[in-house]
Amino acid sequence: MKYTVLTLFPEIIDAYFASSIMAKAVNRGIVAYRSVNIRDFALDKHRTCDDAPYGGGAGMLMLAEPLGKALESVGAVPKDDAGHLSGRVIYLSPGGRPFTQDVARELAREDELILLCGRYEGIDQRIIDAYVDQEISIGDYVLSSGEVAALAVIDATYRLVDRVITAESLEEESFSGGLLEYPQYTRPELYGTLKVPELLLSGHHENIRRWRLKKRVEKTLALRPDLIRRGEDTGLFDGETRKLIQELGGERNERDTGHRSLPDEG
Ligand code: SAM
């Protein structure tokens, strides 16, 4: 996977690529990266990259020309007459497609992501119309710039690229199979008065697997019932998971409403 990040602040992006697992992935040649300073493509000697919006209004907008030149310097081409795009150019924007684990999986399959970071009040619309393949939002809030959003997209996608981390680590983590992750514990066995659940010390793999699945269902029902509904609607869950959802969901209803649900008839 190759990441190309267009930004007014390359140092933010560079620091991230120089640290931890990402630095290892880059050194091992699994991930490649370049940051491009949009200011290098400014047209005047002051290296201006922003101006006031036509029609008035608060704040400044990023100029089209430096952005267009920066994009073309990394191989992006304007849409042709048929509206076809040649690359995967993503503009980070609060109005974009919501970024989820499913979107991360989809993007992790690309060979290259070209990530365009906005600043100020955003960018000239003509750049979006001419070059952008997809706008992505990392949540319903407004950040002061796109760098943090680009790093969220990079962080969530690169770890899904083959050989970055083990497939086993990805298997049962949050959102895989439509559930959140089970609770985890490490040493010491006794922390103050708090003990690690006995069963995890038993070495009984099948019991541990069942306990973990139960905890995943319990936690998802409590914290993200929307994920359970989505998993049910899309037929994501196997029989064992569906049974747990029925049992634990029923128990939750009883607790919440004080009513015992009647067993299914027939
Ligand atoms: N005026 C814009 C609006 O109301 O939609 C907000 C501009 S914001 C202050 C500056 C830049 O931060 C945007 O161009 C975008 O690149 C980035 N940004 C802000 N919030 C974001 C979000 N939730 N997801 C992705 N990028 C975001």
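Q: How do the residues of the shell around the ligand divide into nonpolar, polar and charged?
A: Glad you started there! In this predicted model, the shell holds 10 nonpolar residues, 8 polar ones and 2 charged ones.

Q: Which residues come nearest to the ligand?
A: The shell counts 20 residues, and the nearest are Y91, L92, E121, Y141 and L143.

Q: Which elements give two or more residues to that shell?
A: Two strands do: β5, covering 89–98, and β7, covering 134–137. The largest share comes from β5, with 4 residues.

Q: Where does the ligand sit?
A: Look for the second largest pocket; the ligand sits there.

Q: How much of the ligand does the protein bury?
A: Taken alone, the ligand exposes 580 Å², and the protein buries 82% of that.

Q: Let's turn to T157. Is T157 buried or exposed?
A: A residue is called buried when its relative accessible area is under 20%. T157 has 0% relative accessibility, so it counts as buried. You will find T157 in helix α6, which spans residues 147–158.

Q: What joins the side chains of T157 and Y3?
A: A polar contact of 2.7 Å links these two side chains.

Note on methods
Residues are numbered from 1 along each chain as its sequence is written. This is a predicted model: local features need pLDDT of at least 70, side-chain atom pairs count only at pLDDT 80 or more; totals for chains, interfaces and linings use all residues. Side-chain values use heavy atoms; hydrogens and water are left out. A residue is near a molecule or strand if one of its heavy atoms lies within 4 Å of it. Accessible areas come from the Shrake-Rupley method with a 1.4 Å probe; for residues, only the protein chains shown count as cover. On a 1 Å grid over the protein atoms alone, a cavity is a set of points where a 1.4 Å probe fits but cannot get out, and a pocket is an open set with protein on both sides within 12 Å along at least five of seven lines; lining residues have an atom within 4 Å of a point. A molecule sits in a cavity or pocket if more than half of its atoms lie within 2 Å of its grid points. Ala, Val, Leu, Ile, Met, Phe, Trp, Tyr, Cys and Pro count as nonpolar, Asp, Glu, Lys and Arg as charged, and the others, Gly among them, as polar. Buried means under 20% relative accessible area, exposed over 50%, partly exposed in between (1.4 Å probe, protein chains only). A polar contact is a pair of N or O atoms within 3.5 Å; within protein, one must be able to donate a hydrogen and the other to accept it, and residues adjacent in sequence count only if both atoms are side-chain atoms.
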